[in-house]
Amino acid sequence: MRKSIVNLTLLLLLIFASSCGTTHVSRSSFIEEYSYECIGIAKNGDYIIRSNFTTSGKSIENAINEAQKRVVNEVLFNGVAGDSENRVKDIKPLCDKFPDNDDTKRFFNEFFVNNGKYTLYVGTVHDDIPQVVRLPFGYRIDVNLIIKLNSLRKELENKGIVKSLTDTL
């Protein structure tokens with residue numbers, strides 16, 4: 001009787017363990033999973049964004065650079081969610097739509113090249129040390145980034161990509 005209860009328990013445990021789904025992370029891309037959240041605004045008006053991502057890259061520095069590029073892309077085209085707990089509002093996307101004319105496409109292609117112009121508008125928080133967890137296939141990295149949103153908006157206004165805030169008044 002006792003042996004059958006143990007066998008039944010093991011069988012149920014095996015069935016339960018095999019039915020639990022696992023999240024598959026593709027190893028082909030550089031950054032597989034990522035999330036961004038606006039957690040604050042600095043005194044000078046720059047936005048502080050928490051970036052959490054999983055990478056299969058070999059270099060933590062390259063992964064952080066890629067995260068910086070992606071957070072600028074998020075701010076431009078998708079927006080970034082705010083932290084309601086700390087009463088930080090969402091960042092709305094600066095661009096209403098993806099670039100549709102050749103000049104705008106060319107601008108963004110040049111803007112997002114490795115170590116391109118996007119690096120002028122994003123950086124890591126100076127006194128913040130990235131939290132790095134080693135995984136079997138790469139790293140899980142949490143880092144706080146600073147976005148110079150006002151400067152980025154002015155650059156896009158000067159290039160005619162977004163409308164000036166004064167034009168809408």
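Q: How much of the protein is made up of buried residues?
A: Of the 169 residues in the protein, 37% are buried. Buried means under 20% relative accessible area, exposed means over 50%, and partly exposed lies in between, with a 1.4 Å probe and protein chains only.

Q: What should I know about the source of the values?
A: This is a predicted model, in which local features need pLDDT of at least 70 and side-chain atom pairs count only at pLDDT 80 or more, while totals for chains, interfaces and linings use all residues. Residues are numbered from 1 along each chain as its sequence is written, and side-chain values use heavy atoms, with hydrogens and water left out.

Q: Which helices and strands are there, and in what order do they run?
A: The protein has four helices and six strands. From the N terminus the order is α-β-β-α-β-α-β-β-β-α. Helices (H or I, at least four residues) and strands (E, at least two) are DSSP runs, numbered from the N terminus.

Q: Which residues touch the most other members of the largest nonpolar core?
A: They are V72, L76 and F111, in a core of 34 residues. Helix α2 gives the most to this core, with eight residues. A nonpolar core is a set of buried Ala, Val, Leu, Ile, Met, Phe, Trp, Tyr and Cys residues joined through side-chain atoms within 4.5 Å. In soluble globular proteins, nonpolar side chains tend to be buried together.

Q: And what is V72 in contact with?
A: Leaving aside neighbours within four places in sequence, V72 is in contact with F111, F112, Y118, V122, I147 and L152. Contact means heavy atoms within 4.5 Å.

Q: Where is Q68?
A: Q68 is in helix α2, which covers residues 60-78. Q68 has a relative accessible area of 8%, so it is buried. Beyond its neighbours within four places in sequence, Q68 is in contact with Y118, V122, G123, T124 and L145.

Q: Is I39 buried or exposed?
A: I39 is buried, because its relative accessible area is 18%. I39 lies in strand β1. Not counting residues up to four places away in sequence, I39 touches I48, I49, R50, D83, N86, V88 and N144. The C-alpha atoms of I39 and G82 are 6.4 Å apart, although these residues are 43 apart in sequence.

Q: Changing topic, how many disulfides are there?
A: A search of the whole structure finds zero disulfides; a disulfide is a pair of cysteine sulfur atoms within 2.5 Å. As for cysteines, C38 is buried, with a relative accessible area of 0%, and C95 is buried at 5%.

Q: How much space lies in the second largest pocket?
A: About 270 Å³. Of the 13 residues that line this pocket, Y47, K92, L94, L149 and R153 are the closest to its centre. On a 1 Å grid over the protein atoms alone, a pocket is an open set of points where a 1.4 Å probe fits, with protein on both sides within 12 Å along at least five of seven lines, and lining residues have an atom within 4 Å of a point. The volume is the space filled by probe spheres set on the points, which are joined across faces, edges and corners.

Q: Which helix gives the most to the lining?
A: Helix α4 (residues 149-158) does, with five residues.

Q: And where is E155?
A: E155 is in helix α4. E155 is buried, with a relative accessible area of 13%. Not counting residues up to four places away in sequence, E155 touches F107, K117 and Y121.
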